[in-house]
Amino acid sequence: MALTGLEIYKQLPKKNCKECGQPTCLAFAMQLAAGKASLEACPYVSDAAKEFLGAASAPPIALVKIGTGEKELSIGNETVLFRHDKRFEHPTGIAIEVYDDMSAEEIAAKVDAINKLVFDRVGQIHEVDLVAVVNRSGDAGKFVEAVKAVQGATKYPLILISSDVNAMGQALEVAAAGKPLVYAATAENYEAMTELAKKYQVPLAVKGSNLNELAELVEKVTALGWKELVIDSGAREVAQALGDLTQIRRKALKEKFRPFGYPAIAFASNPENPLQEAIDAGVYIAKYAGIVVISSADPAVVLPLITLRLNIYTDPQKPIAVEAKIYEIGNPGPDAPVFITTNFSLTYFCVAGDVEASRVPAYVIPIDTDGISVLTAWAAGKYSPEKIAEDLKNLGIKDKINHNKIIIPGHVAVLSGKLAELSGFEVIVGPRESSGIPSFLKQRWN
Ligand code: B12
């Protein structure tokens, strides 16, 4: 049973030292009760209190890690039902299925297609996260061969999908070092699957045939001593799966119902109908899958999912920003034009892309506006003549050029007089949209 904020408060040192980031111990206790803070943040809490608070201070949804090294995937640790309440912590991992009854060539081609699903969006690289090897043949030997082949051909962590304990044991012998997710412990095999997960120290998915059975099974598996879990209610029809995923998240966060305090996995795979698969996977990314499994490696299916995931998992309190510094596009010399913009990623990459398209080497300088756009920053006083003049001086652009001109966005023409006065530059007002930069350069720069 979850503790209230006041019950937690009684156990805290009551120093109001603020070192946890909260203004008072009471505020910290309230955050702990809501699952929005970790007891570790308090440097003065006693061991006795730690023990007493135990479960109450554990995160409401466990953090689970799959894979190792650079491509290790973290899921779970979520603290809110709605992104705008704070943020979603770990983007849904996208897994693509490979089947062990495919030929060696087909497996190699599919893994190759998966490896190529890498997209550059406004300066960030986005890709899928996992390859799910499915024991569709029912044959342990074929499963092991497929696992070996996939493992040798991709850097992504694996999900091993088989209900056959023997096949899973053999696959883990070759793949355990890469810390794959074992899918799945069910009512029929959970004791042996849990033993395997414990033996190889790998995360384990627990699959029920409905929410009630899932809760019971999770309790049985944790009683056997394994808690690195991912949970699956077993629903495959989209409305039921959405309902279950929502119940799981609500129960875990609102009632601290421990059996549901793990990230969930959802299956949208539908090889017959890739469009439906993309739509269903989109539903699960929105609410509330830690992992979504699909069958298609077609970029037309995967890119929309990656874009949706980016939209949902972007921290609403933190605009995506680039570093405020001098960017050199196309090897500019001292006579190259200098474009002044903001450090909102979308703004910077629009400008940088259009400057590149003009084929005129140039300097682009995003001013640090806390990651907001030109007009938003101007209206908020973060793109003022004073701020721009100071940043230009600090960045030392004068040392790189043999002229005295800077180009500002057409939207903020109003800045030009004061900026010229404060910075000493000749301020040229550019077009309003960066798409006008190539023709602007042709007409106004030579
Ligand atoms: Co606002 N906001 N906003 N806003 N916002 C708008 C900018 C606008 C125009 C809405 C309106 O009233 N019509 C007003 C500004 C009015 C004005 O002064 N003219 C406005 C206002 C007033 C505000 C607030 C002050 C409201 C308030 O609190 N009272 C706050 C300020 C925030 C703060 O920090 N206090 C505010 C807040 C926001 C949020 C919700 C936070 C988001 C900001 C998200 C972000 O920027 N990261 C927000 C948005 C999204 C917008 C909105 C809808 C879109 C802005 C945007 O992202 N544009 C606009 C309305 C609109 O523009 N339709 C209002 C896309 C980017 C890529 O455009 O930066 O201008 P851009 O870059 C383009 C050009 O300027 C040009 O090329 C780019 C591509 O074409 N360009 C160039 C850029 N750099 C350069 C450089 C050179 C050299 C050249 C030639 C061209």
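**View A. Valine 374 is buried, with 23 other C-beta atoms within 10 Å.** A residue is called buried if 20 or more other C-beta atoms lie within 10 Å of its own, exposed if 12 or fewer, and partly exposed in between; the C-beta atoms are placed from the backbone. The structure is a predicted model, in which local features need a pLDDT of at least 70 and side-chain atom pairs count only at pLDDT 80 or more, whereas totals for chains, interfaces and linings use all residues. Residues are numbered from 1 along each chain as its sequence is written. Valine 374 belongs to helix 13, which spans residues 374-379. Helices (H or I, at least four residues) and strands (E, at least two) are DSSP runs numbered from the N terminus. Leaving out residues up to four places away in sequence, valine 374 touches Thr342, Thr347, Tyr383, Pro409, His411 and Val412. Such a contact requires the C-beta atoms of two residues, placed from the backbone, to lie within 7 Å.

**View B. Glycine 371 sits in the loop between strand 15 (362-367) and helix 13 (374-379).** Is glycine 371 buried or exposed? Glycine 371 counts as buried because it has 22 C-beta neighbours inside 10 Å. Apart from neighbours within four places in sequence, glycine 371 is in contact with Pro319, Ile320, Ala321, Asn343 and Phe344. An unreviewed UniProt entry lists the feature "binding site" at Thr341, Thr347, Gly371, Ile372, Ser373, Val374 and Ser434. UniProt positions follow the numbering used here, feature names are shortened, and annotations may be inferred rather than shown by experiment.

**View C. The ligand is surrounded by 29 residues.** A residue is near a molecule or strand if its C-beta atom, placed from the backbone, lies within 6 Å of it. The closest residues to the ligand are Ser373, Leu375, Pro409, Gly430 and Ser434. Which elements each supply at least two residues of the shell? They are strand 14 (338-342), helix 12 (345-358), helix 13 and strand 16 (405-408). Helix 13 provides the largest share, 5 residues. Sorted by class, the shell holds 18 nonpolar, 10 polar and 1 charged residues. In this classification Ala, Val, Leu, Ile, Met, Phe, Trp, Tyr, Cys and Pro are nonpolar, Asp, Glu, Lys and Arg are charged, and the others, Gly among them, are polar.

**View D. Valine 414 lies in the loop between strand 16 and helix 15 (416-423).** Valine 414 is exposed, because 12 other C-beta atoms lie within 10 Å. Valine 414 and valine 429 are 15 residues apart in sequence, and their C-alpha atoms are 9.2 Å apart in space.

**View E. Two cis peptide bonds are shown, one from tyrosine 183 to alanine 184 and one from lysine 287 to tyrosine 288.** The bond from tyrosine 183 to alanine 184 has omega near 10 degrees, and alanine 184 is part of strand 8 (residues 181-185). For the bond from lysine 287 to tyrosine 288, omega is near -20 degrees. Tyrosine 288 is placed in the loop between helix 10 (274-286) and strand 12 (291-294).

**View F. Asparagine 77 and glutamine 201 have positive phi values.** Phi of asparagine 77, a residue other than glycine, is near 60 degrees. Asparagine 77 occupies the loop between strand 2 (73-76) and strand 3 (93-99) and is partly exposed, with 18 other C-beta atoms within 10 Å. Phi of glutamine 201, also a residue other than glycine, is near 55 degrees. Glutamine 201 is found in the loop between helix 7 (190-200) and strand 9 (204-207). Where does glutamine 201 fall, buried or exposed? Glutamine 201 is exposed, because 10 other C-beta atoms lie within 10 Å.

View G. Of its 446 residues, 41% are buried. The domain assignment gives domain 1 (5-57), domain 2 (63-313) and domain 3 (327-444); such bounds come from an automatic or database domain assignment. The C-alpha centres of domain 1 and domain 2 are 34 Å apart. The chain averages a pLDDT of 94, and 99% of the residues score at least 70; pLDDT is the predictor's confidence in each residue, from 0 to 100. For the complex, the predictor gives an ipTM of 0.93 and a pTM of 0.74.
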